[in-house]
Amino acid sequence: MIQCVGRALFLVLVSTPAITTRTKLSIPFHSRSCSPFSQRAMAKTMPSAKKVRHEMEMFGDVRVDNYYWLRDDSRSDPEVLSYLHQENAYTDSVMSGTKQLEDRIYTEIRGRIKEDDISAPSRRGPYYYYRRNLEGKEYVQHCRCSVPTSTAPTSVYDTMPTGPDAPPEHIILDENVKALEHTYYSIGSFKVSPNNKLVAYAEDTKGDEIYTVYVINAESGILVGKPLVGAITSYLEWAGDEALVYITMDGILRPDKAWLHKLGTNQSDDSCLYHEKDETFSLDLQASESKKYLFVASESKNTRFVFYLDTSKPENNLLVLTPRMTGIDTSASHRGDHFFIQRRSDECFNSELLACPVENISATTVLLPHRPSVKLQDIQLFTDHLAVHERENGLPRITVYRLPAVGEPLERLQGGRAVDFVDPVFSADPLESEFESSVLRFSYSSMRTPLSVYDYDMDTGVSVLKKIETVLGGFDASNYVTERQWATASDGIQIPISIIYRKDLVKLDGSDPLLLYGYGSYEICIDPTFKASRLSLLDRGFIYTIAHIRGGGEMGRQWYENGKLLKKKNTFTDFIACAEYLIDKKYCSKEKLCINGRSAGGLLIGAVVNMRPDLFKAAVAGVPFVDVVTTMLDPTIPLTTSEWVEWGDPRKEEFYSYIKSYSPVDNVKAQNYPDILVTAGLNDPRVMYSEPAKFVAKLRDMKTDDNLLLLKCEMGAGHFSKSGRDASHCIPSIMFVPPKKKGKKSCVMAKSESSTYRPLQTLLHLTILPLPI
């Protein structure tokens, strides 16, 4: 029976209100004997999963999985569901004494949110489009209003009129109304037709990321034709004003077919534009900024080739833009009489930018050559300009170039203008901009700067703030310090760490509590961003840090390559090095260090608690990918085949042995572990619920300590937990949403860090319970 949970953060929070002034926070010290958790845990019997021996042999090696029976693809087995309910009941019982604190934190978090608010209006032709939140409502309204003078050119100083004389607001779609009929509701894609008369949107009502596509009249809201159904992804684009291109998935949820649907026809008559039969490849879809072409790409983790479709002649089908060549990764866009192509290869590992005439795609010109220290991440095209999104030394940057007039030759770009940023660590991401303008729109955020939307005049270099996330409750950015430190990995590589803390509360003498977040997979960049809900930790004296470990993309393509396949363990040892650095530099101590990761970041957490359980006080693994060998050996599980290039194919002995050496489920052993919380989603198509469930069951059986071990499984949600505003706002910023890179699925169908959607209950269980004083 659990004797004690240790000095949990909840004990701190119960005793100390959030600080909104510069008053020094005094944290009382609670003895282990008086912890209320031991008493609450006694009230409910700890679940114990039955053992059913299941042997799996490969290369003469026999693995025994006593909890293989927990996998039920139908999610309907009464015994499996009963066990998950027992785990949830146990977690609720342990947490039952914290209700008052949960309510207090919930009130704090909701109290910082301006509930009646709108997004930064985006101009598209004669309309401003935006999303509106209403007080007390969980979902958004998709709205638009007319631009008073639609013939005037777009300017950074444009402002949508408000007040009694402003054009009337029109609500295109109210998600609150649609969500009334469902326990889960999410719109994955909302696309306005080029003529602004129709809207196509993709709707998920289960959390399984299988969508239904509806087309409605933008003015009346009346449904146009029948919905598109089946295993449809959220990849959806208009091909002109009377046709749609969409992507469907196969039986293992791999996007494999691109379809053309003409409005007014039956879905059964839709034409298949392309079928990718190679199970290691998946399809992607994007529209050029000019809207004249659509690009269908087929990609693996190291190869990508592109087809194009003329939206004025969709019946002409797809044409090859870049050929299928192993190890060559390309993505494309269009402006005038040229295609622009980002191209990555083994030699040009950080990518180069090419251009070719639409009428002669073999005649390429290098616009930006490959640079070993600068990663070309994305581009945005305009009538007269090109905005290039890059990374150098672990930080993003934006450089703008003026292009020659359409019809004139394109040559190597020179003399671009860089956009200036002020914080030492920050995030800057592209947002949809109007093609026929000189205005670049981007988002900016840092760990102390709320999410901001800027319009940048590419001719003058003037930036105008269009919207900044309102943080109520007396938030003052000057109270917080953000910095970047560098830890030395075991092989001498320098690992960047982003840090934020409240300068009037922390001592930096090793006594401060600290939360260390990590991910490190899929070339995903976990840039330091702002989240208002994180203030509930910072204002109680916590230090929050991000380890930018190998396997991510923060430091360029090679940073990713050196943290995958047979170098995957670098991800884990980098994270351990960051933890040791923070302890050595007196940011915290072992007794005050909590770690967190989600999905592939949950694999990270599972691996490091097996490797160095003595280093951490508490660990939180959200929807963790922890049964790596078994999953990667089973091609019927979604994502497996496409991810052999990421993790390795364990059907080959070299990869089998290497993956087994770190796979968390396969490396649980009889040793002491820190306090651990694990979360799962019953409908999760990316990390099957049985992986975290098996991990917890095996830990319960083998660990030698009495520390807390909890499993929380959301029974009505998937990888992204529940839907609604509580899910998107009431969590700390340990979750990041990497923007979908042009031409890259990024994390769309990968076991990845991908969403902030988590309910309040998961917030409390996930981030606050296990943290030490």
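This is a predicted model: local features need pLDDT of at least 70, side-chain atom pairs count only at pLDDT 80 or more; totals for chains, interfaces and linings use all residues.
Me: How far apart are the end C-alpha atoms of α3, and what span should its residues give?
Reply: Helix α3 covers residues 78-94, which is 17 residues. At 1.5 Å a residue these should span 24 Å, and the end C-alpha atoms are 24 Å apart, so the two values agree.

Me: What about α4, what span should it have?
Reply: Helix α4 runs over residues 99-111 and has 13 residues, which should span 18 Å at 1.5 Å a residue. Its end C-alpha atoms are 18 Å apart, so expectation and model agree here.

Me: Which residues are buried in α4?
Reply: The buried residues of α4 are L101, E102, I105, E108, I109 and R110.

Me: Changing topic to the largest nonpolar core: which residues touch the most other members?
Reply: F575 and I595 do, within a core of 113 residues. The helix that gives the most to this core is α8, residues 569-584, with eight residues.

Me: What is F575 in contact with, leaving aside neighbours within four places in sequence?
Reply: F575 is in contact with L516, Y517, G518, A547, I549, I595, L604, I605, V608 and F616.

Me: Now the whole chain. How many helices and strands does it have?
Reply: The chain has 15 helices and 38 strands. Of its 773 residues, 63% count as buried.

Me: What share of the contacts join residues at least 24 apart in sequence?
Reply: Among contacts between residues at least 6 apart in sequence, the share is 62%.

Me: What is the mean pLDDT of the chain?
Reply: The mean is 87, and 87% of the residues reach 70 or more. Over residues 1-43 the pLDDT is below 50, and this stretch has 117 contacts in the model beyond near neighbours in sequence. Residues 728-773 also have pLDDT below 50, with 227 contacts counted in that way.

Note on methods
Residues are numbered from 1 along each chain as its sequence is written. Side-chain values use heavy atoms; hydrogens and water are left out. A nonpolar core is a set of buried Ala, Val, Leu, Ile, Met, Phe, Trp, Tyr and Cys residues joined through side-chain atoms within 4.5 Å. Buried means under 20% relative accessible area, exposed over 50%, partly exposed in between (1.4 Å probe, protein chains only). Helices (H or I, at least four residues) and strands (E, at least two) are DSSP runs, numbered from the N terminus. Contact means heavy atoms within 4.5 Å. The expected span of a helix is 1.5 Å times one less than its number of residues. pLDDT is the predictor's confidence in each residue, from 0 to 100.
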